[in-house]
Amino acid sequence: MFRGQFQHTIDAKGRVAMPSRFRELVGSKGSEKLILVPAPFDPCLQVFPLVEWERVEERIAELPSLDPNAVRFRRLYLSAAVECELDRPGRLLIPSHLRERAGLVGDVLWAGMGRMVELWSKSRWDEAMTLTPDEQASFQKAVMETLRI
């Protein structure tokens, strides 16, 4: 499982080092191929080991083929996926269109999310993690209801 947060810098060519702890996990899944895809609801990229991405694709394939929202989601999400590999030093080359979409320039943050990783602009991450007191209360309530705590 991918867990933890790691701050790195993306270079002018769009290369960013993947944290060594995450690289070890990618290798242990039997493939160093990764899938990069813009997160559907946040300004970041999701990074999946190929085997985990294939599970996501299977679940999406089960969505109703005539449901307009399911069709639109497939078009927006699956078609945006890009297959990549780590280079020898353990860096990932992020295509320019994905860097622009996620605002990846300078400082970035890798966030372990269990079976996948999110790659954020550090400033966008900080903004997303900042909640007003009302938002915090609403968030706590939603989490408690969802997890039945």
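**Figure 1. Leu 119, a buried residue in strand 8.** Leu 119 has a relative accessibility of 1% and therefore counts as buried; buried means under 20% relative accessible area, exposed over 50%, and partly exposed in between, with a 1.4 Å probe and protein chains only. The residue belongs to strand 8, which covers residues 117-121. Helices (H or I, at least four residues) and strands (E, at least two) are DSSP runs, numbered from the N terminus. Leaving aside residues up to four places away in sequence, Leu 119 touches Val 16, Cys 44, Leu 45, Ile 94, Leu 104, Val 108, Leu 109 and Trp 110. A contact here means heavy atoms within 4.5 Å. Leu 92 is 27 residues from Leu 119 in sequence, and their C-alpha atoms are 11 Å apart in space.

The model is predicted: local features need pLDDT of at least 70 and side-chain atom pairs count only at pLDDT 80 or more, while totals for chains, interfaces and linings use all residues. Residues are numbered from 1 along each chain as its sequence is written, and side-chain values use heavy atoms, with hydrogens and water left out.

**Figure 2. His 8 in strand 1.** Strand 1 spans residues 5-10 and includes His 8. His 8 counts as partly exposed because its relative accessibility is 24%. Among residues beyond four places away in sequence, His 8 touches Val 16, Ala 17, Pro 19, Gly 106, Asp 107, Val 108 and Trp 110. Between His 8 and Val 105 there are 97 residues of separation along the chain, and their C-alpha atoms are separated by 11 Å.

**Figure 3. Val 56 in helix 2.** Helix 2 runs over residues 50-61, and Val 56 is found in it. With a relative accessible area of 22%, Val 56 is partly exposed. Its contacts, not counting residues up to four places away in sequence, are Phe 48 and Tyr 77. Val 56 and Glu 85 lie 29 residues apart in sequence; from C-alpha to C-alpha they are 19 Å apart in space.

**Figure 4. Glu 83 in strand 5.** Glu 83 is part of strand 5, residues 82-85. The relative accessibility of Glu 83 is 49%, so the residue counts as partly exposed. Not counting residues up to four places away in sequence, Glu 83 touches Lys 33, Leu 34 and Ile 35. Glu 57 is 26 residues away along the chain, and the C-alpha atoms of Glu 83 and Glu 57 are separated by 13 Å.

Figure 5. Helix 6 has 15 residues, 133-147. From first C-alpha to last, helix 6 reaches 21 Å, close to the 21 Å expected at 1.5 Å a residue; the expected span is 1.5 Å times one less than the number of residues. Just after helix 6, Arg 148 takes a positive phi of about 55 degrees.

**Figure 6. The whole protein chain, for orientation.** The protein chain contains six helices and eight strands, in the order β-β-α-β-β-α-α-β-β-α-β-β-α-α along the sequence. Its radius of gyration is 16 Å, close to the 15 Å that the globule rule gives for 149 residues, so the chain is as compact as a globular protein of that length. The radius is taken over C-alpha atoms, and the rule is 2.2 Å times the number of residues to the power 0.38. Along the principal axes, the C-alpha atoms fill a box of roughly 45 × 40 × 30 Å. Buried residues make up 36% of the 149 residues. Of the contacts with a separation of 6 or more, 58% are between residues 24 or more positions apart.
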